[in-house]
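Have the viewer open while you read.

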Amino acid sequence: MSINIGETYIITKNNKKQLAQIDYIVEINGKTVYEYNYGLQGFHEGSCLKENISELTDLEKQYNENYNFCKLPQEFYQSIPN
């Protein structure tokens, strides 16, 4: 699987899943690290390794294309901006 900056994926962390967009791909201590952002009303950032990233299923792609984000994984910490 090729992971591209600016594209949307599902990130898995601590058995939780989250829709996120890849912002940067960097090398840290010989490992490729993927930095991402997520959030419905405010943006949060994180980083992970490739094994924590998966492509959207066909149904998830339809939800994303139709801005139906509530039907997509949103299990990471979310907060409403002040």
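In E4, which residue is the bridge partner of Tyr-38? That's His-44. Before going further, note that this is a predicted model, where local features need pLDDT of at least 70, side-chain atom pairs count only at pLDDT 80 or more, and totals for chains, interfaces and linings use all residues. Numbering starts from 1 along each chain as its sequence is written, and side-chain values use heavy atoms, with hydrogens and water left out.

**Fold and dimensions**
- The protein has 1 helix and 5 strands (DSSP runs, numbered from the N terminus: H or I of at least four residues for helices, E of at least two for strands).
- Along the sequence, the order reads β-β-β-β-β-α.
- Along the principal axes, the C-alpha atoms fill a box of roughly 35 × 35 × 25 Å.

**The E3–E4 hairpin**
- Strands E3 (residues 31–38) and E4 run antiparallel and are joined by 5 bridges (pairing takes at least two DSSP bridges).
- The hairpin has 5 residues between its strands, and Gly-39 takes a positive phi near 140°.
- E4 (residues 44–48) covers one face, with His-44, Gly-46 and Cys-48, while Glu-45 and Ser-47 sit on the uncovered one.

**Burial and contacts**
- Buried residues make up 30% of the 82 (under 20% relative accessible area, 1.4 Å probe, protein chains only).
- Of contacts (heavy atoms within 4.5 Å) between residues at least 6 apart in sequence, 43% join residues at least 24 apart.

Conventions
Buried means under 20% relative accessible area, exposed over 50%, partly exposed in between (1.4 Å probe, protein chains only).
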